[in-house]
Amino acid sequence: MEFMPAGEIIGDAHQVRTISVTQNSLLPDGEYSFVDMYCTDPECDCRKTMILVIHNGEPVSIINYGWESAKFYKNWMGGNKNNIPTTKMYGASIDITSPDLVSPDGMLALFNRLLNDIWIARFKQHYHEVKAAMSK
Ligand SMILES: [Zn+2]
């Protein structure tokens, strides 16, 4: 499974979410940008995003987020012919490839606090747009 930033595939339709953090006991102050990336295999129905978090121009964390139910991923893994490692796909978790230059616990807490219906809807939309663009 290869992941690419949505912006590189769907262009201007894509917006990166950037927020400003101050007085967080676990995370350094500053701007945090969340670059959502998607699997580029049009045949793959993984329904998740990998989010690269940039702080002061530097990648500091990678978050996995799957918006479907735990049951969906369990079934999907069962029919998974590519032997993708069965890491936790449901909900949010820090990816094993994350550079962890900021506190993983702090980053996960921030992400979960920011997560809302609007952002989730945007992930789903970008996912479908990326898959549609890749299957052309
Ligand atoms: Zn996939």
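1. Asn 56 is exposed in this predicted model, because 11 other C-beta atoms lie within 10 Å, and a residue counts as exposed at 12 or fewer. Asn 56 sits in the loop between strand 4 and strand 5 (58-66). Its phi is near 50 degrees, a positive value in a residue other than glycine.

2. Arg 47 also has a phi near 50 degrees, and this residue too is not glycine. Arg 47 lies in the loop between strand 3 (30-39) and strand 4 (48-55). With 19 other C-beta atoms within 10 Å, Arg 47 is partly exposed, since a residue is classed as buried at 20 or more.

3. Of its 10 residues, seven are buried, so strand 3 is largely enclosed by the rest of the structure.

4. The pairing of strand 3 with strand 1 (residues 3-5) is antiparallel and consists of three bridges. Within this pairing, Phe 3 has Cys 39 of strand 3 as its bridge partner.

5. Strand 2 (residues 17-21) is likewise joined to strand 3, through five bridges and in the antiparallel sense. Here the bridge partner of Ile 19 is Tyr 32 in strand 3.

6. Strand 4 pairs with strand 3 over six bridges, and the two strands run antiparallel. Val 35 stands opposite Leu 52 of strand 4.

Methods: Residues numbered from 1 in each chain as written. Predicted model: local features only at pLDDT ≥ 70, side-chain atom pairs only at ≥ 80, totals over all residues. Helix = DSSP H or I, 4+ residues; strand = E, 2+ residues; numbered from the N terminus. Pairing = 2+ DSSP bridges.
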